[in-house]
Amino acid sequence: MDRTSKDPVVALHMGRGGNASGKAATRRGAGQTPPPANDTSGQGMKAPASPRAEPIAPASQAEPCPDAASTVYDTLDHAMHASIARYSHGLSPAALMGAWFDWAMHIAAAPGKRLQLAEKAADKARRHARFVAHCAGSAEKQSPCIEPLPQDDRFRGDAWQAMPFNVIYQGFLLQQQWWHNAVTGVPGVTAEHERQLQFLTRQLLDTVSPSNFLPTNPEVLQKTRDEAGMNLVRGAQNFLQDLQATANNAPPADTADFQPGRNVAVTPGKVVYRNRLIELIQYAPLTKTVRPEPILIVPAWIMKYYILDLSPQNSLVKYLVGQGYTVFMISWKNPGAGDRDLTMEDYRQLGVMAALDAIKTIVPDRKIHAAGYCLGGTLLAIAAAEIARGVDEPFASLSLLASQVDFTEPGEMQLFINESQLSFLDSVMWKQGFLDTTQMAGAFQMLRSNDLIWSRAIRNYLMGERRPMNDLMAWNADGTRMPHAMHSEYLRKLYLDNDLAEGRFDIDGRPVALSDIRAPIFAVGTMKDHVAPWPSVFKIQALTDTDVTFALTSGGHNAGIVSEPGRPRRFYRVRTKAAADRHVDPQTWVAETEAKDGSWWEAWLAWLDARSGASAAPPDTGNPQGGYPVLGDAPGTYVFQK
């Protein structure tokens, strides 16, 4: 396959336009000659064609053009949806109205439920009235009539326990509880619509929380008195600064202090391969000898790769290199409108398979430890299952970090995954050619609106405080895009239809099976993950017939993975399930597995060491004779694409 920007791709239109329009290139078989030298210019990727794969047929050759009238109709539909999305923040009004209509019709036909809600409203009003009377009649602190949810920290400060603020927040919590009762347990409402209504009512109630307003937030009032209102002056300045940054599509303040290659992503290495989708970085050894098996890390393309190579003190790459491993890292291109037709198969071929081919040439005759993070782990599992159908097994082990392969329980992400929402989202991507980083960030923020929206607004604009920027926050602001065809295919085939776990995910016309994987697996889940909930990650144990070591660590989707040794208040659980062992459910696993203080990195390193050979001299960087010359220093060029 040509390694240049001229590589043909498979056109895939997942909305009303149809399905895949061609077969992807086949993987190079074992024993074929290595590719010629790839581009060394850094930008213009012109290189001789590689014998590793057959070219991908253009869409025009693979499938007849659709009827012109049908194309016009589809274009009208897409244009309408894309226009509406500008005002609905990417959410489908049809999906939201369907949930509301389902609830409204069923509660109208449920007099018993309505009577129960009326009784609950009267009971809550009496409880609140008694609480107000007790507070007014006694100077002593009164026990609350309702406690906040465990994850709700808005009203835990001492200032909230004094009159009148305790009365205000107690009334709000009672109202919040009543609305939860109102939208749940209505006979006949589907579980999906019930979850959507819970989400919507939570979003609406969070906007009117007393903590969000100056007159009803005692902590903000005290801050204002202490500083004679200067906190509000600073808050206004912060607001105008953020408003200007948003209007100019600029990164948040202070992110310039964390630049790849300067103070993050600084582990020494070289770019040894480049194609239209990836750069492959080979890191320089930090020890005199290294393990013979190299490590390939496949990060998610929803994020810049250097989440795993942040500052030197919390870089997973530096940790592995410092422990005597040769590490390779994929750095994904940030796709634009011209990449709209890149598919999941292109990401597998041009990403994982191309990187494996390069490593097998640079470090020949060695098994490879492959690790994937988030979507990268899902793609790695797909690639490993496809490879397992043949005779060439390149893996010494597979590690899946916060990666799902079964999407039946994807947590609150499923609120955005239904046919109506995906059709609407497909129109948004159809217009742009990609899903923009701000659209993805908005969905993730709404899942945790208290933590990521309102508490931040209170701190920045009412308290007048800026949380000091750190490397993880700066990385989080360095967003990426998702090409139209790939993201539509990913959401439909995996999230909506769960094709991979259920044996329907096809490669070259044949479904792949996770049960074919024979390499041992190390899977990591994080306890507070709202992107890949750990019980969903845990399902890899039931879907494979190989030994699986599962680690559950404290923290969330990002901070739980970036959890270097020495960080305080970190703990994890880890246990191995042999292929012949009985499967247990997640909660039983937690109850039976002892928690250990420290970083899961150390447990993973011990696991890798046990599956690696004796140390020897480090390999050369790249292999010019084999077609993999050094193209430049890490972190490469793709990481700087905006």
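1. Two strands pair if DSSP finds at least two bridges between them. Strands here are DSSP runs of E of at least two residues, and helices are runs of H or I of at least four, both numbered from the N terminus. By that rule strand 11 and strand 12 (residues 548–553) run parallel and are joined by 6 bridges. Phe522 stands opposite Thr549 in strand 12.

2. The model is predicted: local features need pLDDT of at least 70, side-chain atom pairs count only at pLDDT 80 or more, and totals for chains, interfaces and linings use all residues. Residues are numbered from 1 along each chain as its sequence is written, and side-chain values use heavy atoms, with hydrogens and water left out.

3. Overall content first. The protein has 20 helices and 15 strands. Of its 642 residues, 51% are buried (under 20% relative accessible area; exposed is over 50%, partly exposed in between; 1.4 Å probe, protein chains only). The accessible surface is about 28000 Å², and carbon and sulfur atoms hold 56% of it (Shrake-Rupley method, 1.4 Å probe). Contact means heavy atoms within 4.5 Å. Among contacts with a separation of 6 or more, 80% join residues 24 or more positions apart.

4. Strand 6 (residues 395–401) has parallel partners. With strand 5 (residues 368–373) the pairing covers 6 bridges, and Gly372 stands opposite Leu400. With strand 11, strand 6 pairs in the parallel sense over 4 bridges. There, Leu401 stands opposite Val524.

5. Why is strand 11 (residues 521–526) described as largely enclosed by the rest of the structure? Because 6 of its 6 residues are buried. Both faces are covered: Ile521, Ala523 and Gly525 lie on one side, with Phe522, Val524 and Thr526 on the other.

6. Next, the cores. A nonpolar core is a set of buried Ala, Val, Leu, Ile, Met, Phe, Trp, Tyr and Cys residues joined through side-chain atoms within 4.5 Å. The largest has 120 residues, and Leu280 and Leu296 touch the most other members. Helix 10 (residues 344–362) supplies the largest share of this core, 11 residues. Beyond four places in sequence, Leu280 touches residues including Leu296, Phe328, Ile330, Ala358 and Ile359. A second, separate core of 10 residues includes Trp103, Val183, Val186 and Leu197.

7. Helix 3 (residues 93–108) has 16 residues and reaches 22 Å from first C-alpha to last, close to the 22 Å expected at 1.5 Å a residue (1.5 Å times one less than the number of residues). Its buried residues are Ala95, Ala99, Asp102, Trp103, Ala104 and Ile107. They pack against helix 4 (111–137), helix 5 (165–183), helix 6 (191–207) and helix 12 (419–432).

8. Leu494 is found in helix 16 (residues 484–496). Its relative accessibility is 0%, so Leu494 counts as buried. Not counting residues up to four places away in sequence, Leu494 touches Met344, Thr378, Phe407, Glu489, Asp499, Leu500 and Phe505. Gln404 is 90 residues from Leu494 in sequence, and 9.5 Å away C-alpha to C-alpha.
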